[in-house]
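Have a look at the model first.

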Amino acid sequence: MQALTLDKLLSYRNDISIPDLAAGEALIELRLAGICATDLELVQGYAGFSGILGHEFVGTVVAVADDKHLDWLNRRVVGSINIGCNACEVCRSDGPEHCLNRKVLGIRGKDGVFADYFSLPVTNLYAVPSAVPDQAAVFTEPLAAALRVVKQIASLPISEVAVVGPGRLGMLIAKVLSLAGYRVTLLGRSTSSLALPKQWQLATGLTTEIPDNCFDCVVDASGQAAGFAEALRIVKPRGTLVLKSTFAANAALDLSKVVVYEINIIGSRCGPFADALALLAQNKLPVETMIDGQYPLSDGLAAFAHAAQAGVRKILLQPAKLPADCPVETG
């Protein structure tokens, strides 16, 4: 099969074996996959991953390892990305997201979805409602990550939030916070980067025009060390800073404000897939407007180059021929 692989350098190959299934796994045929900021950072050396990249997807289940999972065959699915050891206390009490021995789809110890076929445990799968088209379903993973922020700050006395970074994830975070009743301002470095957020009816502003120490809560979704520094600058003393960015960088960060002003820092990662699918089914987020290009896997290197350009939001990858001719049961 064809796949995009990373071994220090990103390459396209068409001689990769279709993965064998372990017990409890499903074989999934790719329909669409999204390139995200983490994928771009992995290519730059973040986390030292090697293998097939990709973790945002919608696909069709074409085989299962166990007869007890036959009802998943031909279903259109998305999937959570963390695969825990299922033996440690963290897995048993909190789930796989923070298991020290976990594998992470396309990020850590598990080949990802930028391929014709890939595998995941059936327990990670979620059936896509028929009301959600592929080009919306492919946003399930980042939307779930955005919803995680809502859950994390729900118990805090916060009414106004700034989101730094008007890219793919930043827009989703700002929108779900707005839908949850928060007063949200999405901040960017240029007026052009704020054009689409304004179409989403989000309040916007230029980060450089925001005074120091003026927001009770700031979410950094910039994907850059400079964005984190700006987020730290504008959060109030004893305020809350939610970190969503993962990036490969060796830049020195001045964290003295965290200590002196007792800033509450919250790391934020994966979120609830079922809630994300339900929200997509309600058609309250025009996620398709973030799609800036769609490439076949064979043009994956060009797709990555496009995704890395400033101002580009979501670039999608697809097989050479979309598997739309397959019979699909939508759950």
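In which crossing, left-handed or right-handed, does helix 4 pass helix 5? The crossing is right-handed (left-handed if the near helix is turned anticlockwise from the far one by less than a right angle, right-handed if clockwise).

## Ground rules

This is a predicted model, where local features need pLDDT of at least 70 and side-chain atom pairs count only at pLDDT 80 or more, while totals for chains, interfaces and linings use all residues. Residues are numbered from 1 along each chain as its sequence is written, and side-chain values use heavy atoms, with hydrogens and water left out.

## Helix 4 against helix 5

Helix 4 (residues 140-153) packs on helix 5 (residues 168-179) at about 45°, and their axes are 8 Å apart. That angle makes helix 4 oblique to helix 5. (Under 35 degrees counts as roughly parallel, over 145 as roughly antiparallel, 65 to 115 as roughly perpendicular, and the rest as oblique.) Axes are lines fitted to C-alpha atoms, for helices over the stretch in contact, with angles from 0 to 180 degrees between N-to-C directions. Helices (H or I, at least four residues) and strands (E, at least two) are DSSP runs, numbered from the N terminus.

From helix 4, Pro142, Leu143, Ala145, Ala146, Leu147, Val149, Val150 and Ile153 meet Leu169, Leu172, Ile173, Val176 and Leu177 of helix 5 (contact means heavy atoms within 4.5 Å). By class, that is 13 nonpolar residues, no polar and no charged. (Ala, Val, Leu, Ile, Met, Phe, Trp, Tyr, Cys and Pro count as nonpolar, Asp, Glu, Lys and Arg as charged, and the others, Gly among them, as polar.)

## Helix 4 against helix 9

Helix 9 (residues 273-281) also packs with helix 4: the axes come within 8 Å and cross at roughly 110°, so the two helices are roughly perpendicular. Here Thr140, Glu141, Leu143, Ala144, Leu147 and Lys151 in helix 4 meet Phe273, Asp275, Ala276, Leu277, Leu279 and Leu280 in helix 9. This contact has eight nonpolar, one polar and three charged residues.

## Cysteines and Ser80

There are zero disulfides (pairs of cysteine sulfur atoms within 2.5 Å). The sulfur of Cys99 has its closest cysteine sulfur in Cys91, 3.5 Å away and too far for a bond. For Cys217 the closest is in Cys214, at 12 Å, again too far. Cys99 is buried, with a relative accessible area of 0% (buried means under 20%, exposed over 50%, partly exposed in between, with a 1.4 Å probe and protein chains only).

Ser80 sits in the loop between strand 6 (76-79) and strand 7 (82-83), and is buried at 16% relative accessible area. Leaving aside neighbours within four places in sequence, Ser80 contacts Leu120, Asn124, Tyr126 and Phe273.
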